[in-house]
Amino acid sequence: MALSESFVASVRCLERKYRERIIQEQSAFSSNMSAINAVMNAQFPQGMADIARRAALGFVRDAAAECEALQDLAQAEDFDAALKTILDAAVGLLASGSQNMLGPQVNRPADVARGFAASELTGEVRDRLLVAQDKRRARRKDSMLSWKLLFLQSNPRDADSIDTNREHREVRQALREADYRDQVDLVPEPAARIRDVFRAINEHRPRVIHFSGHGHDSRLALLDDRDEARPFDGQDLADFIAANDDQVQLVVLNSCGSLPQALKVLQAVPHVIGTSDSLGDEAAVVFSRAFYSAVAHGRAISSAFRQATVAVRAEISPAAASVYELKSRSDSDASVASLVVPTLAEQKSGQEPLSQEEQDLLKAVPRTGDVHVLKTDQKGKWVRAGAAEFFNHDDPSESARYIEALDSLVSRQLVRHEGGAHFALTGTGWELKRALE
């Protein structure tokens, strides 16, 4: 599949913008008296070429960002075509920009500029497009891994008013700010009646069901057709979930005295959260916000629960935090159960810090992104990255440490094995390399 017309048109538009910028900057440069005088010293042509060089670099950055924004790499997977389109335009800017006003006078600087484009810009474009490509692939993988959080709201008009809308809003904001936001699809079900709950479970097949509303030890309070309270037994929810093949992992009943109902639901799901006493609006909001923020940052259910109770204790009171309880079936362990799956885009989260050897290797990788493992009978195996060779005659263990570091970078997906002795930095590896530098 070829690059889309919108991408090519976008690159051409950027090229025109930078060509105009080159002309403006060169006009200003040539009108400067000191620059005119510098012609006698042969500095004027080089100055013109430098203007084109800076513009081409700016174009590369913007064009690569535009490429990412249009998602062409993820959709077309035509990496080489995208690179060539951007690079051809950048080289054209350098050549025409250098020769635009002075003609043959700047042939030599123009040739220098073209040489720069062939070496420097190629690496710059490739680096940035690799990063864009990996980001898009990771986001596409996230969408494949996404799951539904069904947010049931009930605020009967014949009961004390509670702010379920605010709780939903805070959860939505917490998810938007989290590492794994693309994996969690928040589905609100406002003014929920019993049939709405059943329909929503069938329609959305949620992994998590959250209830925000009134309740007590004998029933939850949903709505009837007049928006008044309608009792709903947790056993009915458990039986309905059990009747489906869907894998609901967690049910959160964020209402007063809901623990007895939660224990009924535990027959059908691995984990439940309920409350043992009355619950204030503010505590309910704080708990939900902190809990789902932790979940969407990749924390295990038990870790997210502990974070949420700490938040309630700190922001409200120890008494308010103490009413929350997490229960799990005997065959389920909330300390290891996570609702999200690590992906390439967030792979650095939760990993062990890079060793010094891993950092040394990343910093030494040249613009080509190539790393090689070499081997001779005299030296054994060692790593070469650009001009750096990680080998020490006096300390053979050094070679082994860097071989191990390279293996670790491969397992972290910062480096990929291209075959044989050849390895190459991934897009995420380039991001981390730049951060280290």
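1. Which helix holds both D196 and R199, and how many residues apart are they? Both lie in helix α8 (residues 194–204), three residues apart, which is about one turn of the helix. Helices here are DSSP runs of H or I of at least four residues, strands are DSSP runs of E of at least two, and numbering starts at the N terminus.

2. Basis of the note. This is a predicted model, in which local features need pLDDT of at least 70 and side-chain atom pairs count only at pLDDT 80 or more, while totals for chains, interfaces and linings use all residues. Residues are numbered from 1 along each chain as its sequence is written, and side-chain values use heavy atoms, with hydrogens and water left out.

3. The D196 pair. D196 forms a salt bridge with R199, with the closest N and O atoms 3.9 Å apart; the term stands for a side-chain nitrogen of Lys or Arg within 4 Å of a carboxyl oxygen of Asp or Glu. D196 is buried at a relative accessible area of 8%, whereas R199 is partly exposed at 35%. Buried means under 20% relative accessible area, exposed means over 50%, and partly exposed lies in between, using a 1.4 Å probe and protein chains only.

4. The structure holds 17 salt bridges. In one of them R166 is joined to E282, the closest N and O atoms being 2.7 Å apart. This pair links distant parts of the chain, as R166 is in helix α7 and E282 is in helix α11 (residues 281–296), 116 residues apart. Both partners are partly exposed, R166 at 23% relative accessibility and E282 at 36%.

5. R401 and E357 form a salt bridge with closest N and O atoms 3.2 Å apart. R401 belongs to helix α15 (residues 396–411) and E357 to helix α14 (residues 356–364), so the pair ties together parts that are 44 residues apart in sequence. R401 is partly exposed at 35% relative accessibility. Salt bridges with shared partners join E189, R193, R195, D196, R199, E203 and D225 into one network.

6. The sheet. Six strands form an open sheet in the order β2-β1-β3-β6-β7-β8, with mixed pairing; two strands pair if DSSP finds at least two bridges between them. β2 (184–189) and β8 (324–328) stand at the edges with a single partner strand each, so one side of each has no neighbour in the sheet. Neighbouring strands are turned by 15° against each other on average, direction ignored. Strand β1 (residues 147–153) pairs with β2 in the parallel sense over six bridges, and K148 stands opposite D185 in β2.

7. Helix α11 on the sheet. α11 lies across β1, β2, β3 (208–212), β6 (250–254), β7 and β8, and runs at about 160° to β6. Axes are lines fitted to C-alpha atoms, for helices over the stretch in contact, and angles run from 0 to 180 degrees between N-to-C directions.

8. Two buried threonines. T275 lies in strand β7 (residues 271–275) and is buried at 0% relative accessibility. A polar atom of the T275 side chain lies 2.4 Å from the backbone oxygen of S255. Beyond four places in sequence, T275 touches residues including L253, C256, V323 and Y324, contact meaning heavy atoms within 4.5 Å. T164 is in helix α7 (residues 164–176) and is buried at 6%.

Terms used
Polar contact = N/O pair within 3.5 Å; in protein donor to acceptor, adjacent residues only side chain to side chain.
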